[in-house]
Amino acid sequence: MALKIMSVDDELDLELLLTQYFRRKIRKGEYEFFFAHNGVEALQVLLSHPDIDIVLSDINMPEMDGLTLLKKIKDRNNPALKVIMVSAYGEMSNIREAMNNGAFDFATKPIDLDDLQRTIDKAEKEIEFVKQTQREHGQLVDIKADLSLASEVQLAILPRKFPPFADLTSEMDIYATMHPAKDVGGDFYDFFRIDDSHIGFAMADVSGKGVPAALFMTMSHTLLRFTGSRCLDPVRTAMETNGMLSRESFDSMFVTVFYGIYDTRTGDITYVNAGHNPPYVLHADGTVTALPVSDNICMGVIEDFAYTAHTLKLEPGDTLVAYTDGVTEAFDTTGAAYGDERLCQLIASLSGKTAKEITDGVNASVADFANGAEQSDDITVLTLQRK
């Protein structure tokens, strides 16, 4: 595209001089010139041609001088538009004022056209840099908007209606939250009905951060729910999900998963822990027990890995608290981690609370501990309580 240059000068012979000197560039379509004879005309030309790149402006002109024109152009807030001031050598004080008010460069009369060419070349490089920066900024704005929408979509696939099972409110209480560290996250929780008396539930943490983790999270969530909703065997669900994730995994990504099936009649939970943080059980008497450390590997690593299941029983009043490592590995401003011991003590202090109160209590405690430090990982908590 042609570099668009406007000359603003009340000396009419300058128009002929410029068109003659730059005739080859004009003929080749490299330059396109516009002419005005004072500041008022110049503003009218700018209104008609807002894509003008360079303004060559004299200082002393009738109706509106060059310094006033410079201020008007500055008010347009267009960093890609460069103004080169032209004036007699004896008016250096005016040129100095112009440079202090945002002029890109200056030339003195009589104009040395070879020197003016070098000044225009320098301005053209600066203009291209500014325009490239503006294009990249526009792209970043678009990406930010896309990420915001992706975050909404991601959260929309997680259960957010509480209580989720209207006919089970007298038997169980369940609540969960997910707070991504970036626009989109790699953690997820889920719970769904398998039959009248069995609830499948999951807590998971995908390796990595940002968009790749979010994509793998979506795939993991979909596969786990699809396989889990069809059977009452968590081992089968884990193996089928792991097999598909291992075959479809990209960039060596994997996911830690705690997946359980809860019997609403008995309080029994059969679960598979695929490399995830062991949840805690808050007993009705206020004591806290951590489940055994996982003896299975993460999903998405070895396609035919043989997962094993474990069982536990929630007595009336007992609560299972599952979480991702964004909780225990949250850091404060000194770099200290929240830690397992602090979490265990906090859970014990929340004895007698509802599932929502316990979940919110964990989130509030982590936020207070961080004390404004940047969140380094997704923070997800799921609480399941037998009434």
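Q: A polar contact is a pair of N or O atoms within 3.5 Å; within protein, one must be able to donate a hydrogen and the other to accept it, and residues adjacent in sequence count only if both atoms are side-chain atoms. With that in hand, which residue caps the N-terminal end of α3?

A: You are looking at a predicted model, in which local features need pLDDT of at least 70, side-chain atom pairs count only at pLDDT 80 or more, and totals for chains, interfaces and linings use all residues. Residues are numbered from 1 along each chain as its sequence is written, and side-chain values use heavy atoms, with hydrogens and water left out. Now look for a side-chain oxygen that lies 3.0 Å from the backbone nitrogen of Val 40. That oxygen belongs to the cap, Asn 38.

Q: How many helices and strands does the protein have?

A: Helices (H or I, at least four residues) and strands (E, at least two) are DSSP runs, numbered from the N terminus. By this rule, the secondary structure comes to 11 helices and 15 strands.

Q: What is the radius of gyration of the protein?

A: The radius is taken over C-alpha atoms, and the globule rule to set beside it is 2.2 Å times the number of residues to the power 0.38. For 387 residues that rule gives 21 Å, and the protein is well over this, so it is more spread out than a compact globule. The C-alpha atoms fill a box of roughly 100 × 40 × 35 Å along the principal axes. The radius of gyration itself is 34 Å.

Q: What percentage of the 387 residues in the protein is buried?

A: Let's set the scale: buried means under 20% relative accessible area, exposed over 50%, and partly exposed in between (1.4 Å probe, protein chains only). On this scale, the buried share of the 387 residues is 48%.

Q: Which residues of helix α3 are exposed?

A: Start with the buried residues of α3 (residues 39–48), which are Gly 39, Ala 42, Val 45 and Leu 46. Seen down the axis, they fall within an arc of 115 degrees (the arc of the directions from the helix axis to the C-beta atoms), so they line one face of the helix. They pack against β1 (3–8), β2 (31–36) and α4 (66–75), where contact means heavy atoms within 4.5 Å. Turn to the other side of α3, and you will find the exposed Leu 47 and Ser 48.

Q: How many salt bridges does the count come to?

A: A salt bridge is a side-chain nitrogen of Lys or Arg within 4 Å of a carboxyl oxygen of Asp or Glu. Some of these bridges join up, and one network links Asp 9, Glu 11, Asp 58 and Lys 109. The count by this rule is 17.

Q: Which residue forms a salt bridge with Asp 105?

A: The closest N and O atoms of this pair are 2.8 Å apart, and the partner of Asp 105 is Lys 122. Asp 105 lies in strand β5 (residues 105–109) and Lys 122 in helix α6 (residues 113–156), so the bridge ties together parts that are 17 residues apart in sequence. Asp 105 is buried at 13% relative accessible area.

Q: Which helix holds both Lys 356 and Asp 360?

A: Their side chains meet in a salt bridge, at 2.6 Å from N to O. Lys 356 is partly exposed at 40%, and Asp 360 is also partly exposed, at 28%. They are 4 residues apart, about one turn of their helix, α11.

Q: How far apart in space are Asn 60 and Ala 204, C-alpha to C-alpha?

A: Asn 60 lies in the loop between β3 (54–58) and α4. Leaving aside neighbours within four places in sequence, Asn 60 is in contact with Asp 10 and Glu 91. Asn 60 and Ala 204 are 144 residues apart in sequence, and their distance in space is 72 Å.
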